[in-house]
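Here's a quick report on a protein structure. Have a look at it first, then read on.

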Amino acid sequence: KCNTNTQSEWKKSEDTQQQIIRETFHLVSKRDENVCNFLEGGLLIGGSDNKLIYRHYATLYFVFCVDSSESELGILDLIQVFVETLDKCFENVCELDLIFHVDKVHNILAEMVMGGMVLETNMNEIVTQIDAQNKLEKSEAGLAGAPARAVSAVKNMNLPEIPRNINIGDISIKVPNLPTFK
Amino acid sequence: MPAVSKGDGMRGLAVFISDIRNCKSKEAEIKRINKELANIRSKFKGDKALDGYSKKKYVCKLLFIFLLGHDIDFGHMEAVNLLSSNRYTEKQIGYLFISVLVNSNSELIRLINNAIKNDLASRNPTFMGLALHCIANVGSREMAEAFAGEIPKILVAGDTMDSVKQSAALCLLRLYRTSPDLVPMGDWTSRVVHLLNDQHLGVVTAATSLITTLAQKNPEEFKTSVSLAVSRLSRIVTSASTDLQDYTYYFVPAPWLSVKLLRLLQCYPPPEDPAVRGRLTECLETILNKAQEPPKSKKVQHSNAKNAVLFEAISLIIHHDSEPNLLVRACNQLGQFLQHRETNLRYLALESMCTLASSEFSHEAVKTHIETVINALKTERDVSVRQRAVDLLYAMCDRSNAQQIVAEMLNYLETADYSIREEIVLKVAILAEKYAVDYTWYVDTILNLIRIAGDYVSEEVWYRVIQIVINRDDVQGYAAKTVFEVRALQAPACHENLVKVGGYILGEFGNLIAGDPRSSPLIQFNLLHSKFHLCSVPTRALLLSTYIKFVNLFPEIKTTIQDVLRSDSQLKNADVELQQRAVEYLRLSTIASTDILATVLEEMPPFPERESSILAKLKKKKGPGTVTDLEEIKKERSSDMNGSAEPALNATVVTTPSPTEDLLGLGPAPVTNSPPPPPTSDILLVDVFANPAAAVAPLAPGSDDNFASPDLASSEVVSEEPADTVHDADELFHKFVCKNNGVLFENQLLQIGLKSEFRQNLGRMFIFYGNKTSTQFLNFTPTVICSDDLQSSLNLQTKPVDPTVDGGAQVQQVVNIECVSDFMEAPILNIQFRYGGTFQNLSVKLPITLNKFFQPTEMSSQDFFQRWKQLSNPKQEVQNIFKAKHPMDAEITKAKIIGFGSALLEEVDPNPANFVGAGIIHTKTTQIGCLLRLEPNLQAQMYRLTLRTSKEAVSQRLCELLSEQF
């Protein structure tokens with residue numbers, strides 16, 4: 001019922017990555033609402049220097065794995081900024097946006113976090129960057145022509161079949177390989 | 001208009017994702033994915049050239065498939081092609097794919113690096129940003145090799161856009177983290193420091209992250225950042241919440257930057273400049289004051305951001321540990337948080353208080369919160385928080401509250417989460433031992449521990465209780481009585497560990513309670529034997545040993561015991577160990593006379609004192625850093641109260657005393673003998689060796705410093721073959737033990753000079769290579785080599801030098817040194833170069849020795865001898881008696897002891913001819929107090945040198961080093 005948006009640094013095998021995501025999800029999802037948002041790191045996430053810091057929004061968990069060089073509360077705020085930014089960029093963001101636009105989500109995150117380090121925390125700055133990218137994209141789409149128009153035709157016949165905010169079963173969105181905060 | 005318009009995606013991709021989502025089963029999903037993979041593969045392999053849009057679409061699909069957890073083994077080439085596209089969208093997808101699915105194929109990496117290089121040079125900020133992101137996300141060594149030189153230039157160039165600067169700073173940070181050796185320090189460092197003054201707060205934040213990490217390794221290079229960081233912080237803290245516009249987050253001005261700046265300041269000691277220091281104190285006070293103001297918003301984001309800054313400020317206050325006033329305020333603030341309704345704040349408060357507890361200024365203040373913390377242990381619903389509470393109780397424990405804390409921990413143990421039980425057991429065992437005033441309390445505590453959490457009690461814990469009971473006469477009777485009690489051995493479900501302790505103790509001291517008819521020998525025996533069949537083989541073996549001890553203690557039940565030993569279940573036991581014991585014990589009890597029995601089965605001799613094996617275990621569990629610091633401090637506080645049963649001083653490896661092993665040695669005499677008692681300091685002080693005739697030594701001026709014999713090694717060095725002999729040049733090496741500057745090596749070609757400085761656990765050495773010839777040296781490569789052992793205890797960082805050294809020229813190399821833990825060997829400096837047509841290869845020992853990290857300590861005579869006595873464990877002392885190699889001149893000797901690094905303590909030794917010194921060796925992980933005493937004997941032309949430190953290896957090494965000096 002919940003999706004895990006996990007960022008993990010391990011460039012080991014895909015198996016390890018999937019395992020980390022599974023276990024993290026398992027750990028986080030069984031926690032009560034009013035417990036703290038920090039989880040001590042197990043071996044899986046690289047030992048006791050690392051912590052899982054997460055926030056829970058409706059059916060979504062946003063989990064960051066950070067080492068001791070980051071402030072815990074600071075990261076909680078960063079997650080909030082991330083979500084607010086998503087909300088601004090997608091207009092009332094929902095899970096489906098995150099699934100169908102993995103690349104965009106990734107772009108937004110990349111404006112905030114780079115190589116595992118906090119790049120920008122100012123939401124307006126982030127949105128400005130994303131806007132600029134979209135403008136570029138638009139102008140290029142104008143050149144490319146047809147494909148984009150085809151998409152907008154499909155938009156209305158394909159997507160509305162799926163109600164927004166649906167319970168989407170066990171599919172998890174993952175954004176792996178965005179390294180941890182260091 | 002939302003920033004991401006939802007329709008503009010790729011149709012094929014949207015359809016594919018919908019398909020996947022509509023799959024009813026895992027099999028259907030895999031089938032759909034395989035179909036898609038086959039489709040993409042054929043498209044990629046097809047004859048028709050794909051346009052950028054199609055490539056982008058397929059790469060996007062691959063990415064999605066990968067994110068679902070499937071392997072992707074193709075498509076990399078297509079992604080790389082997208083990198084060189086001029087369209088932003090295509091380039092961007094290409095970079096995304098490369099970042100997520102890195103591939104180590106070297107041909108690909110070459111292409112990728114090429115594309116990145118082009119984008120970095122494009123002066124198009126968007127493309128530069130993409131390229132920098134890719135480098136940072138991949139962060140591989142190859143990338144570092146290719147770009148570590150380029151990025152600093154981009155970072156400090158005047159015309160670089162702010163957003164690119166930001167990315168460049170973090171990209172460099174990432175490369176420095178993965179491959180610090182590949183990031184060259186240089187002119188750019190000072191310009192990076194000035195980024196702290198940048199207009200753009202995003203740039204300042206990124207730069208602060210970078211500087212913080214760089215400064216940890218190169219504190220000198222970045223120390224100007226302190227005053228800049230303080231003034232920046234002060235501007236933020238005192239700004240109105242609207243001044244910083246976008247960087248104000250829920251009414252808190254630039255919280256992330258504030259946190260980063262406070263982190264940066266934690267790399268340095270308190271600023272020395274009083275003006276800067278004053279300003280910083282003001283900032284910290286303002287932050288503490290703001291915490292008391294009513295919130296500007298009810299939103300949790302507001303309090304979160306505010307508290308993030310507050311916690312970081314408190315960390316800095318604790319790190320500086322110098323302003324009692326601030327420390328106490330910090331403690332009070334944390335105290336408020338302990339009761340806050342936000343779980344996160346309670347968690348963080350407990351965590352911060354743990355470090356606060358070890359400061360002498362605030363230890364008492366922390367203790368006042370004991371009730372709250374105990375309450376947290378009882379009522380918190382979150383195991384993360386309870387774990388922190390346990391840690392804090394452990395940290396705040398001292399003699400005054402030990403009984404209460406241990407009792408509470410024991411209480412908690414009954415219901416504790418399984419995941420933290422073992423750690424709590426260790427902590428209880430350590431506290432109980434450390435603060436035991438009354439050893440009956442200690443025995444009770446440990447037995448309770450075994451009763452409550454037997455499964456989590458490791459071997460070390462019950463070994464330790466036996467060691468202590470054996471070593472302390474006054475508690476033996478009580479221990480025997482207690483193990484025998486209803487709550488212990490007589491309990492129906494008594495834990496096997498309790499049987500072990502009970503068996504061992506009754507075997508040794510059962511006689512002490514045998515007078516009571518309720519615990520007569522036979523009752524003791526029957527009680528133990530009733531557990532026998534429920535126990536594992538090692539416990540049974542131990543019980544058999546107890547039985548044979550009973551034969552000696554209680555001759556009246558000898559026949560009962562012999563019957564048991566003789567029974568088939570023992571004599572024909574399938575286990576060889578048990579069978580052998582039964583046979584041998586039976587035989588022994590039959591043929592040996594009472595006298596022989598009494599000798600063989602005598603009470604165990606005391607165990608030599610050593611570090612608690614439990615403490616060693618906890619250290620291993622928690623990592624060395626955390627526990628050691630605490631221990632060092634605790635040690636100071638408690639050193640007077642624990643008597644002989646509180647070793648916890650040296651870190652030698654503990655051989656666990658296996659009771660069975662000692663008993664089994666059926667030799668005619670007791671197997672283990674206690675080591676001879678360590679000589680007391682009184683004996684030492686009036687020792688005959690300390691010749692009271694205080695004669696004046698003949699003066700030999702200059703014997704110390706005229707070392708540079710230019711042709712010392714010249715004949716051996718020049719060789720055609722790259723021979724790897726280390727030029728021991730021991731004599732020169734030893735000269736450097738007591739001094740920091742001079743010539744380390746010289747032959748006909750090359751002279752190596754050294755200049756070095758050390759402070760606490762850090763140091764810096766300048767190596768000067770002088771070309772004595774008139775011909776160039778080519779491929780000149782000096783390398784500092786540390787053995788594997790050494791690498792873990794000594795961090796050395798060097799910068800490469802110019803490979804060409806002109807005739808008559810001198811080049812300089814800097815070595816930054818960090819001592820992580822104590823070490824024995826010296827690093828090797830290997831130098832290779834071509835001179836004329838020949839290859840030269842030589843190695844010398846680099847005189848980085850443990851004593852360089854000495855800080856002298858002045859102390860009074862009384863303090864000195866008190867500490868001397870505390871270090872009376874035989875392993876802590878190393879002594880060397882040796883013949884004087886130089887004329888015995890008191891003034892020169894004094895100069896050498898000071899040069900060695902310790903303080904020279906005058907008028908401490910009753911014999912004025914002797915020299916005593918004291919100091920602390922600073923390593924990153926710990927600090928080791930060292931005392932030394934040098935007693936010259938002029939008549940015999942000999943010295944006796946005694947070193948006492950809290951660590952055997954350190955005593956040993958310092959003694960070796962110093963012995964060579966006289």
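How much area is buried between chain B and chain A?

## Where the chains meet

In this predicted model, about 7100 Å² is buried between chain B and chain A, and carbon and sulfur atoms give 54% of that. Buried area here is the accessible area (1.4 Å probe) that two parts lose on being put together, summed over both. Chain B puts 78 residues into the contact and chain A puts in 82, with contact meaning heavy atoms within 4.5 Å.

There are three salt bridges between chain B and chain A. A salt bridge needs a side-chain nitrogen of Lys or Arg within 4 Å of a carboxyl oxygen of Asp or Glu. For instance, the side chains of Glu70(A) and Lys260(B) pair up this way, at 3.2 Å from N to O.

## A helix in chain B

Now take helix α3 of chain B, residues 52–67. Helices are DSSP runs (H or I, at least four residues), numbered from the N terminus. This one has 16 residues and reaches 22 Å from its first C-alpha to its last, close to the 22 Å expected at 1.5 Å a residue. The expected span is 1.5 Å times one less than the number of residues.

Of the 16 residues in α3(B), 13 are buried, that is, under 20% relative accessible area (1.4 Å probe, protein chains only). Just past α3(B), Gly69(B) has a positive phi of about 105 degrees.

## How to read this

Residues are numbered from 1 along each chain as its sequence is written, and chains are lettered from A in the order in which they are written. Local features need pLDDT of at least 70, side-chain atom pairs count only at pLDDT 80 or more, and totals for chains, interfaces and linings use all residues, while side-chain values use heavy atoms, leaving out hydrogens and water.

Terms used. Helices (H or I, at least four residues) and strands (E, at least two) are DSSP runs, numbered from the N terminus. Buried means under 20% relative accessible area, exposed over 50%, partly exposed in between (1.4 Å probe, protein chains only).
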